[in-house]
Amino acid sequence: MSVQTALSRTDPQLTALTIVTALCIAANAFIVVADLAKARFVLANSAEVGLRPAAIPYLAALKGAGAVGLAIGLAGIPALGLAAGVGLVAFFVGAVVAHLRARVFHNIGFPLCFLALAVGALTHFASATF
């Protein structure tokens with residue numbers, strides 16, 4: 001089923017997943033800007049989990065690529081959205097694992113929230129593609 005066909009349906013679940021995908025794009029765009037601006041909370045969080053500040057721009061690029069891929073997926077190339085969803089899920093699983101390994105639990109909700117949004121986006125494109 002193509003995304004256009006899927007979006008023309010009035011399926012509440014598909015509508016919800018489309019909204020989650022849009023939220024995932026927005027959340028990742030926000031955090032990319034915060035990463036590149038070297039926001040205080042980004043530097044503090046990365047230091048707590050043992051991430052070197054020099055790695056932050058590279059991770060921002062990965063998140064940015066994921067957000068762009070999701071947007072292109074919504075624009076009509078669902079296979080790219082699917083690939084971006086897989087990449088973001090893998091990225092945020094890694095972020096959760098980094099928090100667990102460093103025993104940083106007080107703010108693990110943030111990567112878990114991003115992971116949940118990425119899973120929702122992946123589900124959207126998986127249901128639209130297959």
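**Entry 1: cysteines.** I kept in mind that this is a predicted model. I began with cysteine 113, which is partly exposed, with a relative accessible area of 46%. Next I looked at cysteine 24, which is buried at 0% relative accessibility. How far is the sulfur of cysteine 24 from the closest cysteine sulfur? I found 9.4 Å, to cysteine 113. A disulfide needs the two sulfur atoms within 2.5 Å, so this pair is too far apart for a bond.

**Entry 2: the core.** Cysteine 24 turned up again in the largest nonpolar core, which has 25 residues. Cys24 is among the members that touch the most others, together with Val42, Leu70, Leu88, Phe92 and Ala118. Which helices each supply at least two residues? I noted α2 (12-36), α4 (56-74), α5 (78-101) and α6 (109-129). α5 gives the most, with eight residues. I also checked valine 42: leaving aside residues up to four places away in sequence, it touches Ile31, Ala34, Asp35 and Ile56.

**Entry 3: α5 and α6.** I then turned to how these two helices pack. Their axes come within 8 Å and cross at roughly 155°. Angles over 145 degrees count as roughly antiparallel, so α5 is roughly antiparallel to α6. I logged the crossing as left-handed. On the α5 side, the contact includes Leu88 and Phe92, both of which I had already listed for the core. On the α6 side, Ala118 is one of the contact residues, and Ala118 was on that core list too.

Terms used. Residues are numbered from 1 along each chain as its sequence is written. This is a predicted model: local features need pLDDT of at least 70, side-chain atom pairs count only at pLDDT 80 or more; totals for chains, interfaces and linings use all residues. Side-chain values use heavy atoms; hydrogens and water are left out. Buried means under 20% relative accessible area, exposed over 50%, partly exposed in between (1.4 Å probe, protein chains only). A nonpolar core is a set of buried Ala, Val, Leu, Ile, Met, Phe, Trp, Tyr and Cys residues joined through side-chain atoms within 4.5 Å. Helices (H or I, at least four residues) and strands (E, at least two) are DSSP runs, numbered from the N terminus. Contact means heavy atoms within 4.5 Å. Axes are lines fitted to C-alpha atoms, for helices over the stretch in contact, and angles run from 0 to 180 degrees between N-to-C directions. Angles under 35 degrees count as roughly parallel, over 145 as roughly antiparallel, 65 to 115 as roughly perpendicular and the rest as oblique. A crossing is left-handed if the near helix is turned anticlockwise from the far one by less than a right angle, and right-handed if clockwise.
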